[in-house]
Amino acid sequence: MLDFTSSLYLGLRHAEGSARNWPALSLGRPAALQAPPGAEAVARELAALQGCEAATLLPSTLHLFWDLFGLLARPGTVICVEDGTYAIARWGIERAAARGATVHGFAASDADGLERLAAGAARAIQAAGSAGTDGAGPRLLIVCDGFRPGREQQSPIARYAATAARHGGCLVLDDTQALGVLGPAGGGSVRRHGLEGAPVIVGASLAKGFGVPMAVLSGSSATLRWFETRSETRVHTSPPTLAVIEAARHALALNGRFGDALRARLMQRVREFRGRLAALRLRCMGGDFPVQSLAPLPGIDMPALHAALLQRQVRTVLHAAGVAAPSRPPSHPLFHPASHPASHPASHPASHPASHTQWRPQSRWPSPSRSQAQARLSFVITAAHTAACIERAVQALMQALAALRRPFHPFLAEAP
């Protein structure tokens, strides 16, 4: 079976015997009492790679964002979250809303709308007498993904960071997709966008680019000291195991020696795939990123195409219709700015001046609604794929289309 579902983008697997042995899986103590051996060295190396002053390790991004947003949230905190931000960060934001933070969505890539939203939030924070930071973290948080696969237009991260700085806030990035793949040496979004020293907090999993099931929280030294002294997961949950920490050390060593070559090979495979499909007048979305999603094909049912590819020993990712992540909090009386119709979250932020918005704390995030978007099919390409793998996948795709009773000939895909 030829697999195009793995997100081990660089092909790093850390098989048994590839890294140093470890004396035990766990010390039996939380990180608040004692950091596991090697954790601090790996955290320092990750911080330097990402262009941040400091970092700390956590078992997963679920631990990370649940903890981070729980600590940052209190009445008076305003969180502006971009449409389509990945689910795990949104779960953390739900906890923040339950603790009294106000949460507002803004349209994807809408830097102007965000500016108006942030300006209104900053005025409300100042009027409430809680402007700036007070030792409990910034009052204004802007949240988005560092990179989102499948989107042709990515978020203007540098503009978001500038907006956060201008209004005394902080940009919080989920950089899981970018770490190890994008930016100098695979350092991710901070270095890719030149945001060293900006008010940015970065949460990322190493599971994709580096093949290690562990997360890292990075930012300024002051932010990381603040987090580590207050973190609940560092007290109440187990830290990353010694085996995982050793795998991270091994991944960083491999990245230093071979990372650029692996990223170049990955880029080559992605371009080979896109080039072969373009020659057939088939279009896919994803740019040069490893996740390549087929554009909608006239008359083709994507679940049926997925099944036909499986029959030809090619495994792909089917994004089923009706289960896509919600783009923004749905209408709810507890979840949008009060009193003025123009401040309703269903309204586009560019349509109404921020001065019309009146803010109030939220108590909870309603259950997300299901999207009715059409099913999509993606090929996830890694550096472990060869040119022969790409050719075989394209041939299987042609055969699968023919098997679906569509006489195969080059055709134009519908625009998404």
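This is a predicted model: local features need pLDDT of at least 70, side-chain atom pairs count only at pLDDT 80 or more; totals for chains, interfaces and linings use all residues.
By class, six nonpolar, three polar and one charged residues make up the lining of the second largest cavity.

Two cavities of 30 Å³ or more are found when the whole structure is searched.

**Helix packing**

| Helix pair | Angle | Axis distance |
|---|---|---|
| H10 (302–311) and H11 (387–403) | roughly 125° | within 9 Å |
| H9 (242–279) and H11 | about 30° | 10 Å |
| H2 (61–72) and H7 (221–230) | roughly 100° | within 11 Å |

Helices H10 and H11 cross at roughly 125°, and that angle makes H10 oblique to H11. The crossing of H10 and H11 is right-handed. On the H10 side, Leu305, Ala308 and Leu309 take part in the contact, and they meet Ala396, Leu397, Ala400 and Leu401 in H11. By class, the contact of H10 with H11 has seven nonpolar residues, with no polar and no charged ones.

Helix H11 also packs with helix H9, at an angle of about 30°. Angles under 35 degrees count as roughly parallel, and H9 and H11 are therefore roughly parallel to each other. The crossing of H9 and H11 is right-handed. From H9, the residues Arg269, Glu272, Phe273, Arg276 and Leu277 meet Ala387, Ile390, Glu391, Val394, Gln395 and Leu397 in H11. The contact of H9 with H11 has, by class, six nonpolar, one polar and four charged residues. Leu397 of H11 takes part in the contact with H10 and in the contact with H9.

How are H2 and H7 oriented to each other? Their axes cross at roughly 100°, and H2 and H7 are therefore roughly perpendicular to each other. In this contact, Asp67, Leu68, Leu71 and Leu72 belong to H2, while Trp226, Phe227 and Arg230 belong to H7. By class, the contact of H2 with H7 has five nonpolar and two charged residues, and no polar ones.

Technical notes
Residues are numbered from 1 along each chain as its sequence is written. Side-chain values use heavy atoms; hydrogens and water are left out. On a 1 Å grid over the protein atoms alone, a cavity is a set of points where a 1.4 Å probe fits but cannot get out, and a pocket is an open set with protein on both sides within 12 Å along at least five of seven lines; lining residues have an atom within 4 Å of a point. Grid points are joined across faces, edges and corners, and a volume is the space filled by probe spheres set on the points. Ala, Val, Leu, Ile, Met, Phe, Trp, Tyr, Cys and Pro count as nonpolar, Asp, Glu, Lys and Arg as charged, and the others, Gly among them, as polar. Axes are lines fitted to C-alpha atoms, for helices over the stretch in contact, and angles run from 0 to 180 degrees between N-to-C directions. Helices (H or I, at least four residues) and strands (E, at least two) are DSSP runs, numbered from the N terminus. Angles under 35 degrees count as roughly parallel, over 145 as roughly antiparallel, 65 to 115 as roughly perpendicular and the rest as oblique. A crossing is left-handed if the near helix is turned anticlockwise from the far one by less than a right angle, and right-handed if clockwise. Contact means heavy atoms within 4.5 Å.
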